[in-house]
Amino acid sequence: MDLEHYRASEREQLRTSDLLRLIPQHGQTALDIGARDGHFSRLLAERFDKVVALDLTKPPIEHPRIECVAGDATRLQFGDNSFDFVFCAEVLEHIPSDGLNISCSELARVTRQHLLIGVPYQQDLRVAQTTCSNCGTTNPPWGHVNRFDENRLQELFSTLYVETQSYVGETREITNWVSAWLMNIAGNPYGTYDQDELCVHCGLPLTPPPPRTVPQRILTRIACTLTKWQQAITAPHANWLHGLYRKPA
């Protein structure tokens, strides 16, 4: 993915602006979970004396206030209450279901004061699915294997207080089981094949599907029409849910 182009989009600028609004203005230590190229780590370094940037592979960030480490959210290598602030956005939707509860417990464990979570809100994981050319399985868009709303986050972070929640953006991205079924038969030609995330089943890169047959083109047209009708009668909802949590004293 072209991150520079993605971050310049109006949609992403809106998300970033709201996250920055929720981040404390100053503090001593912060942890950035899923740091990638360090975009938010650098923004955190403007407000915190020390930032630890963590990802599955050690992030390539050069900054005097940022320490880069390799780690896994399901088993963080830090002691209890290690950080004034923990930041975790665009991460939880990627964690396999068997590790999600553990990861959230780990995030709550290592924070001393605040935890900021950002997730897609009520995402329909059938929209823009992909078909893996290697193993033939269907993948959720962008490798998102979890769906979130307020109740789900409350369950995952039940030991923390909700200080504030915000809803960002607007979307009508929704489909139905018939359209999703037809798209699967047609090979999911409009899926998120430009994503960096690998197939959630076999772990290999996703590649665009081969040209569709005439029957597949017909099925695609029917599926798109049904989805369009579905979206016309469905009220829009927020793209993202951001939650700022506080640890009890």
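Let's start with what Phe-148 touches: setting aside residues up to four places away in sequence, its contacts (heavy atoms within 4.5 Å) are Leu-92, Glu-93, Leu-100, Val-119, Pro-120, Tyr-121, Gln-122, Leu-153 and Leu-156. You'll find Phe-148 in the loop between strand S7 (138-139) and helix H5 (150-156). Helices (H or I, at least four residues) and strands (E, at least two) are DSSP runs, numbered from the N terminus. Phe-148 counts as buried because its relative accessibility is 1%; buried means under 20% relative accessible area, exposed over 50%, and partly exposed in between (1.4 Å probe, protein chains only).

Before going on, note that this is a predicted model, where local features need pLDDT of at least 70, side-chain atom pairs count only at pLDDT 80 or more, and totals for chains, interfaces and linings use all residues. Residues are numbered from 1 along each chain as its sequence is written, and side-chain values use heavy atoms, with hydrogens and water left out.

One of the residues that Phe-148 touches is Leu-100, and Leu-100 is also among the buried residues of helix H4, along with Gly-99, Ser-103, Cys-104, Glu-106, Leu-107, Ala-108 and Val-110. What do the buried residues of H4 pack against? They pack against strand S1 (27-33), strand S4 (83-89), strand S5 (111-120) and H5.

Now hop over to Thr-130, which sits in strand S6 (residues 130-131). Thr-130 is buried, because its relative accessible area is 0%. Apart from neighbours within four places in sequence, Thr-130 is in contact with Thr-137, Thr-138, Asn-139, Asn-188, Gly-191, Thr-192, Tyr-193 and Leu-206.
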